[in-house]
Structures are given as structure tokens and as C-alpha cells.
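Welcome! Take a moment with the sequence and the 3D view, and then let us walk through a few side-chain contacts together.

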Amino acid sequence: LFSVMFLAGGVLYLDQFRTGLIEARMQALTTNGRMIAGALGEAALREVALSGSVQRLTLDSRTIHRVLRRLAVVTNTPARLFDRDGTLIADSRFLISAGRDIVFEPLPPPDDTGQVRKFFEGLYDVAADLMPVSRTYPLYPGDNSLSSEDFEEVGWALRGEIGTVIRQTVDGQLMLTVSIPVQGFKQVLGSLLLIEDGEAIDEAVKSAQVTTLIVFSITVVITLLLSLYLARTIASPIHRMAEAADKVRLGLGRRVDMPDFSSRQDEIGDLSTSFRQMTSA
């Protein structure tokens with residue numbers, strides 16, 4: 001039982017699965033960021049005059065805001081746009097809600113989780129609350145922070161590099177950020193910052209760990225049943241024969257009935273027959 005518990009504990013604390021999910025989401029964010037940044041760069045080229053002379057390209061225009069709003073809705077990822085100086089010029093959260101009185105979201109599907117899984121999920125939540133929050137990643141500055149100084153990856157993007165940073169909130173929730181340079185005519189016009197929380201990753205990890213907990217519980221029950229079966233069919237007969245042998249040794253001249261397990265077609269049956277024949281001799 002100890003080895004089974006040790007194995008289950010190791011599986012629960014291994015974070016390879018979590019790391020793989022984080023890497024996959026980072027790659028997806030980077031792909032979405034490249035697409036949005038490319039569209040923003042193309043929209044900025046509208047500033048080029050028909051004569052071919054290039055004016056100062058800027059990202060602070062109504063067209064850029066529209067493109068950012070539409071693509072943020074399609075990718076379902078909050079996005080912030082900074083100009084060359086690191087000043088915030090657009091935030092998709094405010095662009096999407098601007099001019100609208102009603103904001104609605106589709107409801108999740110009905111919860112059809114079984115009672116067994118609900119029980120283990122509740123047990124997992126209790127254990128998770130008792131464990132301290134790990135500080136593996138730097139602290140996330142918060143959604144109210146609108147300054148590029150709080151996000152070092154914005155500076156990387158303004159220098160033409162793609163920046164990815166993993167942070168976590170005070171309560172331990174992951175926050176994934178990717179910063180992509182917005183370019184036009186090979187010059188950096190600004191920085192696009194995509195932000196995504198790790199709630200989906202945490203849910204996936206929780207689901208895997210709850211499944212592991214269920215399998216571990218089933219394994220424990222099977223192990224206990226097998227232990228009881230072995231104790232009943234092997235340990236108990238051997239113990240009875242040992243007691244009878246002691247009575248034979250201590251009771252010289254008295255007849256002692258040895259337990260008869262000769263009907264068993266195994267080694268214990270052979271041992272019982274040998275003990276009875278030895279005692280009779």
C-alpha cells in the first residue's frame with residue numbers, strides 16, 4: 001500500500017503535463033499575436049499617400065482600433081496596443097464594450113458530472129485549499145495596470161523581438177502574456193500585448209489529477225481486497241498449521257488433529273498432507 005500511495009503522490013505533483021499545456025498556449029498566443037500584428041501593420045499602411053511618399057505611420061487611428069477590436073473578438077484574447085514610446089493607445093476590453101449597453105456571454109453546458117467525480121473534485125478542492133500557493137512565477141501587476149513599464153516584454157517588442165512572460169496573480173492563477181512588434185515598412189510602429197489567464201490550464205490539470213485520484217482510490221480498494229483474499233486463503237491456513245505444530249511439539253503423548261487442507265490443489269494442500277503424515281508417524 002505504501003508503494004501505491006508513493007506512486008500516486010508522485011503523479012499528483014508532477015508538473016510535466018502543466019508545463020506542456022503552458023507551452024502550447026504560449027505558441028497559440030504567439031500565432032494569434034503575429035496574425036493581429038500583421039493586420040495592424042497593414043492597416044497602418046493606409047497612411048501612405050497615393051504619390052508614394054511615406055508619411056509618419058501611426059497606430060493611433062480609428063481604423064487601427066476597429067481592426068484590433070474585431071480580431072480581439074475573433075481570437076477571444078484581451079489585447080493592448082502601445083505606440084513607439086510605450087504609451088497605451090488602445091485596449092480591446094474598452095473597445096469591445098464601447099457604445100454598448102448589454103454585454104452577454106454564452107452559458108456553459110449543463111453540468112452532467114457524475115456523483116463520484118463530484119465527490120473527488122470536492123475532496124481535491126479541500127486538499128488544494130490546505131496547500132500553500134506556490135510562487136513559481138513573478139507577480140502579475142493586475143488588469144488595472146495600463147503602463148508599459150509593468151510589462152517588460154513590451155520593451156522587447158519595441159526593439160523588434162517577440163517577448164513571452166508567465167506570471168501569476170496573488171491567489172496563484174497563471175497569467176500568460178505575449179508581446180509582438182507591429183511593423184510597417186520594416187520599422188517598428190508599436191507593440192501588441194496579448195494577455196490570457198491560465199484558468200483553462202488549471203482546469204485541465206485539475207481534471208487530470210482528479211482522474212488520477214479516482215484511479216488511485218480504485219487501486220487502493222482492489223489492493224485491500226486482494227490483501228484480505230490472500231490473508232484468508234494463504235496466511236490463515238499457514239497460521240492454523242503452525243499452531244497445530246506447536247501443540248504437537250508441546251503435547252508429547254497426546255493426539256493432536258492437524259488441519260486438513262488436502263482438498264486444496266496447491267502448495268498449502270501439499271504442506272497440510274505432509275504435516276498430517278509427519279504427525280501420524
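Arginine 117 is partly exposed in this predicted model, with a relative accessible area of 23%. That value is not under 20%, so arginine 117 does not count as buried. Its partner is glutamate 121: the two form a salt bridge whose closest N and O atoms are 3.6 Å apart. Where do glutamate 121 and arginine 117 sit relative to each other? Both belong to helix α5, which covers residues 115–130, and because they are four residues apart there, about one helical turn separates them. Glutamate 121 is partly exposed too, at 24% relative accessibility.

Phenylalanine 119 and phenylalanine 120 form an aromatic pair, one of two in the structure. A pair of aromatic rings is described by the distance of the centres and the angle of the planes. Here the centres are 5.4 Å apart and the planes make an angle of 80°. Since an angle over 60 degrees counts as edge-to-face, that is the label this pair receives. Phenylalanine 120, in contrast, is buried, with a relative accessibility of 11%.

Now back to salt bridges, of which the structure has seven. Another of them joins the side chains of arginine 167 and glutamate 153, with 2.9 Å from N to O. This pair links distant parts of the chain: arginine 167 lies in strand β3 (residues 163–168) and glutamate 153 in helix α6 (residues 152–158), 14 residues apart.

For a last stop, move along to helix α7, which spans residues 199–250. Arginine 249 and aspartate 246 both lie in this helix, three residues apart, which is about one turn. Their side chains meet in a salt bridge, with 3.9 Å between N and O. That distance is within the 4 Å limit, so the contact counts. Arginine 249 is exposed, having a relative accessible area of 53%, whereas aspartate 246 is partly exposed at 38%.

Key: Residues are numbered from 1 along each chain as its sequence is written. This is a predicted model: local features need pLDDT of at least 70, side-chain atom pairs count only at pLDDT 80 or more; totals for chains, interfaces and linings use all residues. Side-chain values use heavy atoms; hydrogens and water are left out. Rings of Phe, Tyr and Trp (its six-membered ring) pair if their centres lie within 6.5 Å; planes under 30 degrees apart count as stacked, over 60 as edge-to-face and the rest as tilted. Buried means under 20% relative accessible area, exposed over 50%, partly exposed in between (1.4 Å probe, protein chains only). Helices (H or I, at least four residues) and strands (E, at least two) are DSSP runs, numbered from the N terminus.
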